[in-house]
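Please look at the sequence and the model shown here, and keep both in view while reading the report that goes with them.

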Amino acid sequence: MIRKERATIKHLIQLQDLVAARAQQQASMPSQRLQQLDKSIKTLDDELPIELKTHFNRLLQKSIEAIVPVTGDNCSGCGFALTKTMVNSIHAGDELNRCPNCTRILYAPAVPLTRRSPRRRWGDPVKRGVERFSAPELMIASLKGTTKEDVLLEMCETLRAEGYIENCTDLHDAALRREAIVATAVENGIAFPHVRGVEGGGLTLTLGISKKGIKFGAPSDKPSKIFFYMVIPTAASAFYLKLLSGLTKSFATKEARDSLLNAKTQEDLWKALVKATKKMIQ
Ligand SMILES: [Zn+2]
């Protein structure tokens, strides 16, 4: 019984990751590669007991986060404070617990990913658009890495060095696991690597440019040059898809992409990002 529920939790997380990957593909690359994902989703879905399947799909229709980790003693989906008994039961992993408030299924994260809050400077003006999710220090005008792993690690390290995440190991592993589901590279040399379900903090974006380009699994097999790496807390999941679609639209033209590719310094890159996203990201 115990082992069975642990396996079910894994199964549900896997299913949810696929559904999320499908939504991401739709937002960044409509009509591409959905068949393969749909097939995998159906396989996992059909293996669920009927009652759980109905409940889980009903949750998924409302939000992309149907199974969520507990954050301390709270449901990370809605913030509801859970009883000690329930938190203990979730950590034991021997039964499926539902949040009494939002009915999402709860699990204990295997490795909690913690993230520091973005630094706030006294007297900073109100942030708008892309400035709410990123900062000049998170711009990498020239990535050194030459492989997928290198580039992902380099961006992760930047987040850590600038104080946005506490450690890189878990985050980097999670980013690689996500790439293994289906590549986040889209057309036009753009890729959207990311990690969902991060504990605490706000959505954070770091942007890296590789002048030479890197094989990142784009549909055309062309190298990717522009990397929008995002760290997404559970609560920001729905918003993330809007941001993804806003970035896709902002960089649909060659002119906009070239403004990033031609930036020589961190400051230039930041200015180009803010300028190009002004209309689509508010
Ligand atoms: Zn909840």
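## About the model

This is a predicted model, in which local features need pLDDT of at least 70 and side-chain atom pairs count only at pLDDT 80 or more, whereas totals for chains, interfaces and linings use all residues. Residues are numbered from 1 along each chain as its sequence is written.

Across the boundary, 21 residues of domain 1 are in contact with 18 residues of domain 2, where contact means that the C-beta atoms of two residues, placed from the backbone, lie within 7 Å.

On the side of domain 1 that touches domain 2, α1 (2-28) and β1 each supply at least two residues, and α1 gives the most, with nine residues. Helices (H or I, at least four residues) and strands (E, at least two) are DSSP runs, numbered from the N terminus. Sorted by class, this side of domain 1 has ten nonpolar, eight polar and three charged residues; Ala, Val, Leu, Ile, Met, Phe, Trp, Tyr, Cys and Pro count as nonpolar, Asp, Glu, Lys and Arg as charged, and the others, Gly among them, as polar.

## A sheet of four strands

An open sheet of four strands has the order β2-β1-β4-β3, and its pairing is mixed; two strands pair if DSSP finds at least two bridges between them. The edge strands, each of which pairs on one side only, are β2 (74-75) and β3 (97-98). Strand β1 (residues 67-71) runs antiparallel to β2 and is joined to it by two bridges: V70 stands opposite C75, and T71 has N74 as its bridge partner. These two strands form a hairpin with two residues between them, and G72 in the turn has a positive phi of about 65°.

With strand β4 (residues 105-107), β1 pairs in the parallel sense over three bridges, and P69 stands opposite Y107 in β4. Four of the five residues of β1 are buried, so this strand is largely enclosed by the rest of the structure. A residue is buried if 20 or more other C-beta atoms, placed from the backbone, lie within 10 Å of its own, exposed if 12 or fewer do, and partly exposed in between.

## Helix α5

Helix α5 (residues 148-161) has 14 residues and reaches 20 Å from its first C-alpha to its last, close to the 20 Å expected at 1.5 Å a residue, the expected span being 1.5 Å times one less than the number of residues. Its buried residues are K148, V151, L152, M155, C156, T158 and L159. Seen down the axis of α5, they fall within an arc of 150°, so they line one face of the helix; the arc is that of the directions from the helix axis to the C-beta atoms.

Among the elements that cover these buried residues are β5 (139-140), α6 (169-181), β8 (204-214) and β9 (224-233). Just after α5, G163 takes a positive phi of about 85°.

Leaving aside its neighbours within four places in sequence, L205 is in contact with F133, S134, L138, F228 and M230. By contrast, L205 and V182 are 23 residues apart in sequence and 20 Å apart in space, C-alpha to C-alpha.
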